[in-house]
Amino acid sequence: MAEASQIPMPVPAPRLNRMLDAVVARGPALAAVAGLLLLWQGVVWFFEVPEYMAPSPVAVLGAFQENAGTLWLNFWPTFFEAALGFVAGNLVAILLAVWFVHNSTAERAFFPIAVFINTIPIIALAPVLVLIFGNGFAPKIIIAGLICFFPTLVNMVRGLKAVPPATLDLMRVLSASNWEIFWKVRLQSSLPFLFAALKIASTTCVIGAIVAEWIGSNFGLGALIIEATFNFRSPLLYATVFTAALLAVVMFALVSFAEAKLIRWKTSDVH
Amino acid sequence: MAAAELHTAAGNPAATPAANPAAGAIRVENVDVTFSEGTVVALKDVSVEIPQGAFVTILGPSGCGKSTLMRAIADLVPAARGVVDVQGQSPRDARRDRNFSYVFQDATLLPWRTALENVQLPLEVGGGGDAHADPRDLLELVGLKGRENALPSELSGGMRQRVAIARALVTKPKILLMDEPFGALDEITRDKLNEEVLRIWRETGTTILFVTHSIPEAAFLGEYVLMLAAHPGRVKEFMKVELPPERRLADRDTLEFVQITAHLRKLLEEC
């Protein structure tokens with residue numbers, strides 16, 4: 001009978017422990033979030049703030065429940081615009097950077113234009129693009145792409161040039177071709193720089209898509225934000241904002257995951 | 001006959017006759033190297049002949065052009081005047097034929113490649129070369145058996161330099177150019193690597209040129225010491241080290257060794 005209690009539990013204990021450890025490690029952050037939500041609820045309740053001005057967390061949670069279908073329906077177009085803009089904007093930036101590194105005339109010719117494009121406020125550009133491309137997906141993707149473009153271009157150029165001179169000497173002694181130097185050395189050494197830019201782009205592309213939806217759209221989280229604001233549906237507005245933030249977090253997590261898979265080496269203290 | 005084998009600094013397109021075995025591994029004749037369009041003279045009228053299979057250490061004060069001489073031999077800088085002849089070829093042809101390898105002061109390992117992959121790099125670029133040694137055997141030769149899959153960031157400075165030496169040997173070069181390879185290492189590691197370089201030299205029969213600014217290192221390693229003087233860089237003396245070829249670290253405490261280093265120090269002070 002006593003032996004029966006020694007039969008191992010079906011759930012492996014180490015895994016449970018690790019999950020517990022993870023919860024404990026994030027304890028302070030979780031406690032802070034819970035505290036802020038309680039404070040928010042308390043302030044709204046104590047001062048009797050009207051719901052249209054600032055809804056309580058409970059009301060926002062209710063809005064999530066009530067409008068789950070609407071939020072979900074509008075999540076996808078924004079995700080699609082942000083993701084496509086992210087891919088297109090970064091791809092153009094990477095290709096331009098490669099061109100610039102191999103052709104200094106091209107860099108001198110086009111880099112000032114890239115800087116100029118970067119100085120145009122995106123909000124000012126959005127109506128222009130809506131006028132040209134209409135109310136469809138195109139202007140949103142372009143704006144999401146534009147907002148990604150510049151940080152990636154600058155970082156990628158820096159990354160491709162960040163090869164130690166001694167390494168270039170080594171490649172020359174090995175009679176490596178320019179293509180081999182690019183493929184075996186420059187591209188790899190640019191990856192940490194590229195991912196630093198991609199992490200920024202992963203969240204700004206969501207901002208780009210939403211801003212574009214404000215200007216002219218009847219779908220997407222941006223359009224939902226405008227609609228909820230004008231109809232004083234504040235709980236829905238807050239729920240939409242949280243959904244947009246969640247989208248940015250998902251994009252950021254995807255990029256971080258790709259980075260962890262691709263870069264297994266440390267940049268510092270090795271030449 | 002000897003005159004027919006000369007190659008001008010501009011590069012002789014004529015077919016190269018088979019290297020005369022009696023001829024030196026490297027012949028440098030009246031070589032000037034200048035920088036900044038001739039305003040800075042790094043090397044002035046340097047002539048030296050390195051015998052086949054010799055171990056020559058190059059010693060001299062800062063700014064004497066030790067590294068510049070190595071770089072001229074390795075086709076990393078052009079000679080403004082005079083002739084550099086490497087295994088009966090111009091430096092460029094010798095580089096393309098993989099007749100020499102270069103070990104830099106920094107290990108110049110690619111940080112995203114494992115030790116083994118770094119050793120394999122010369123076989124993947126510049127046509128790969130014909131003859132090559134087994135990269136795993138070479139890692140064993142330099143005492144890194146079992147660390148094949150370690151990334152450079154996981155290796156100590158001394159171990160990284162061992163990987164660099166293995167990488168230099170993988171193309172089975174006739175000449176090994178070592179440009180202050182242990183300059184950044186601590187003395188204990190340096191002593192150990194000095195002994196290993198001597199062992200590798202005896203086992204492979206490679207001609208070795210070894211730049212250093214340590215007098216004991218120059219005397220301990222070199223069959224010959226090439227002393228350069230500074231401003232402008234020129235040959236001060238090319239002398240044979242009268243010590244038996246089989247050397248051990250303890251030999252550095254013998255009277256003969258101390259006499260040699262004292263002589264070298266005196267010469268160095270005159271530079």
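In chain B of this predicted model, 72% of the contacts between residues at least 6 apart in sequence join residues at least 24 apart. For chain A, the figure on that basis is 78%. Chain B comes to eight helices and nine strands, whereas chain A comes to 11 helices and zero strands.

**Chain B: overall form**

- The C-alpha trace of chain B spans about 50 × 50 × 35 Å along its principal axes.
- Chain B has a radius of gyration of 18 Å, which agrees with the value near 18 Å for a compact globule because the chain has 271 residues.
- Of the 271 residues in chain B, 44% are buried.

**Chain B: a three-stranded sheet**

- An open, antiparallel sheet in chain B is built from three strands in the order E2-E1-E4.
- Strand E2 (40-50) and strand E4 (81-86) of chain B are at the edges with a single partner strand each, so one side of each has no neighbour in the sheet.
- From one strand to the next, the twist averages 25°.
- Strand E1 (residues 26-35) of chain B pairs with E4(B) in the antiparallel sense, over five bridges.
- Asp32(B) has Arg81(B), in E4(B), as its bridge partner.

**Chain A: confidence**

- The average pLDDT of chain A is 88, and 93% of the residues score at least 70.
- Residues 1-5 of chain A have pLDDT below 50, and this stretch makes zero contacts in the model beyond near neighbours in sequence.

**Chain A: domains and overall form**

- The domain assignment divides chain A into domain 1 (13-46) and domain 2 (57-262).
- Between the C-alpha centres of domain 1 of chain A and domain 2 of chain A the distance is 31 Å.
- Along the sequence, chain A reads α-α-α-α-α-α-α-α-α-α-α.
- The C-alpha trace of chain A spans about 75 × 70 × 30 Å along its principal axes.
- Of the 271 residues in chain A, 32% are buried.

Technical notes:
Residues are numbered from 1 along each chain as its sequence is written. Chains are lettered from A and ligands numbered from 1 in the order in which they are written. This is a predicted model: local features need pLDDT of at least 70, side-chain atom pairs count only at pLDDT 80 or more; totals for chains, interfaces and linings use all residues. Helices (H or I, at least four residues) and strands (E, at least two) are DSSP runs, numbered from the N terminus. The radius of gyration is taken over C-alpha atoms; the globule rule is 2.2 Å times the number of residues to the power 0.38. A residue is buried if 20 or more other C-beta atoms lie within 10 Å of its own, exposed if 12 or fewer, and partly exposed in between; C-beta atoms are placed from the backbone. Two residues are in contact if their C-beta atoms, placed from the backbone, lie within 7 Å. Two strands pair if DSSP finds at least two bridges between them. Axes are lines fitted to C-alpha atoms, for helices over the stretch in contact, and angles run from 0 to 180 degrees between N-to-C directions. pLDDT is the predictor's confidence in each residue, from 0 to 100. Domain bounds come from an automatic or database domain assignment.
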